[in-house]
Amino acid sequence: MFDLGTSTTLVTFLAGIVAGLPIGWVFIGATALGVILGGGTMTFIANSFFHSLDSSTVMAIAFFVFSGALIGEAGLADRIVNFSYALVGRLKGGLTAVGIVATLFMGALTGSSVPCIAALIPLLVPKLEKFGYSRVYTTALLCSSSYLGYLIPPSVPAMIYCLLAGQSVGALFLSTVFPGLLLALGYCILNYLYVDKYTSSSAEVPELPKTFAASVKQVCRTGWVALPALGCPALILIGIYGGIFTPNEAGGIAAIYCLLVGWFAYRELTWKRLKKALSSTVGTFGMTTLLLAGGTVLTRYLTRQGVAQQVASAMLSMFSSKYMILLMLNIFLLFLGMFLDGIPILILVVPLVLPLMTELGVNLVHLGAIMVVNVGIGVMTPPFAMSIFVGSRLSEISAANLTKTMLPFLFYVSIPVLLLTTYFPFLSCWLPELLLGANVVGAW
């Protein structure tokens, strides 16, 4: 089926994954072996590596990563939590639902998942434990909600998909808004039903306003304090969809805005904290660019060798229904999400399935929403799940207990939202078409 070079590349790639080697270097090393055995030259690798990073979208990703790193250091997270607490704290399960609402707002600031829980777990888990809420449950709720950062614009995975599939960044940002809101609503409902099971009586109870007027006053007061933090996503989205600046320029504006808010509005950003945010950004962005460049090298090689066409032919021979093929794609992506992070999955899979999806007539904005929801779910699926690793470490609880508590959120909310996104293109295509036009989104 495959020649010696392609077969060697695939075997080496799988062996590297199983051995736990760094994914970026596995991408490059597996491709190099295939090129050498196939009689090719290293020029192909060098050219592919360079051109994959020669894009303004890559620069935008760097700025959004930096913005996310500034959130916790500049004091924005604290104000968002206080505002979320004022909004939903009086409801049954409202104190834990604060985590969901705060993650929703934080997702609009960070564009990623791990920064959300890295900022919120230290803020919320110890405090809610004093109020009688189980540490493992609060952590599970935050970890499960973390990939709202992928779905609420701006989104780093959405930008990477656009880079690979040649789609509009603005359209992809909008395509995951409804799935993200559905996910947040589903988590709030499940939390309402489950929270009593993980709550014990506590001598310490939070102070809540006694009257409706006092509650409104608290919402207005905390909202006013949080306004500079909440202004960042509003500025970005109004600027992008109002035609004031491009999505790429939005990344730089977001970073500058977070710096100004941290320094002048909240006055919590110090040189030490800025250095910490810069260090975190360099590490995260360095890893992202290595994955992006290395993965592009591998997928371009496989595409050149005809693997994408063979995958399309195999899938079409197995299933004649577009709906069955989309179901198999979801299962495949969920399986990969158990072992790989979201960015490598996008880099590896998107170029290989694009010919098949185009042949099936799947709208590529809709496909982007499906892919982003899938890799988001991968953040919470064991055994390799970044949210579980980070959450268990920050909360000092076992990964096994955390995983068990997260499973209802996975099966009762996340998977149904994925299926709705997959089989109802309206959820991902209507809003982009309404705001950007059918010529940008295409037929769906």
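I began with Glu 396, which counts as exposed at 71% relative accessibility. The model I am reading is a predicted one. Glu 396 sits in the loop between helix 20 and helix 21, directly after helix 20, and I noted for Glu 396 a positive phi of about 60° although the residue is not a glycine. Most residues other than glycine have a negative phi.

I then looked up Arg 267, which lies in the loop between helix 14 and helix 15 (271–304). Arg 267 too is not a glycine and has a positive phi, here about 55°; at 70% relative accessibility, Arg 267 counts as exposed.

Still on backbone geometry, I checked the peptide bond from Pro 153 to Pro 154 and found that bond to be cis, with omega near 0°. Pro 154 has its place in the loop between helix 9 (148–151) and helix 10 (156–165). Most peptide bonds are trans.

Next I went back to helix 20 itself, residues 386–395, and listed its buried residues as Ser 387, Ile 388, Val 390, Gly 391, Ser 392 and Ser 395. These buried residues pack against helix 7 (114–130), helix 8 (135–145) and helix 21 (399–423).

For helix 12, residues 177–194, I compared length with expectation: the helix has 18 residues and reaches 26 Å from its first C-alpha to its last, close to the 26 Å expected at 1.5 Å a residue. Its buried residues include Val 177, Gly 180, Leu 183, Ala 184, Tyr 187, Leu 190 and Asn 191.

Thr 103 lies in helix 6 (residues 94–110), and I count Thr 103 as buried because its relative accessible area is 1%, under the 20% cut-off. Leaving out residues up to four places away in sequence, Thr 103 touches Cys 116, Leu 120, Leu 142, Ser 145, Ser 146 and Leu 148. Asn 248, in helix 14 (residues 247–265), is in contact with Ser 56, Thr 57 and Ala 60 once neighbours within four places in sequence are set aside. I also took the C-alpha to C-alpha distance from Asn 248 to Leu 14, which is 34 Å for a separation of 234 residues in sequence.

In soluble globular proteins, nonpolar side chains tend to be buried together.

I found one cavity of 30 Å³ or more, with about 30 Å³ of space in the largest cavity. The residues that line the largest cavity are Leu 340, Asp 341, Gly 342, Val 375, Gly 378, Val 379, Phe 384 and Met 386, and I sorted this lining into five nonpolar, two polar and one charged.

Conventions
Residues are numbered from 1 along each chain as its sequence is written. This is a predicted model: local features need pLDDT of at least 70, side-chain atom pairs count only at pLDDT 80 or more; totals for chains, interfaces and linings use all residues. Side-chain values use heavy atoms; hydrogens and water are left out. On a 1 Å grid over the protein atoms alone, a cavity is a set of points where a 1.4 Å probe fits but cannot get out, and a pocket is an open set with protein on both sides within 12 Å along at least five of seven lines; lining residues have an atom within 4 Å of a point. Grid points are joined across faces, edges and corners, and a volume is the space filled by probe spheres set on the points. Ala, Val, Leu, Ile, Met, Phe, Trp, Tyr, Cys and Pro count as nonpolar, Asp, Glu, Lys and Arg as charged, and the others, Gly among them, as polar. Helices (H or I, at least four residues) and strands (E, at least two) are DSSP runs, numbered from the N terminus. The expected span of a helix is 1.5 Å times one less than its number of residues. Buried means under 20% relative accessible area, exposed over 50%, partly exposed in between (1.4 Å probe, protein chains only). Contact means heavy atoms within 4.5 Å.
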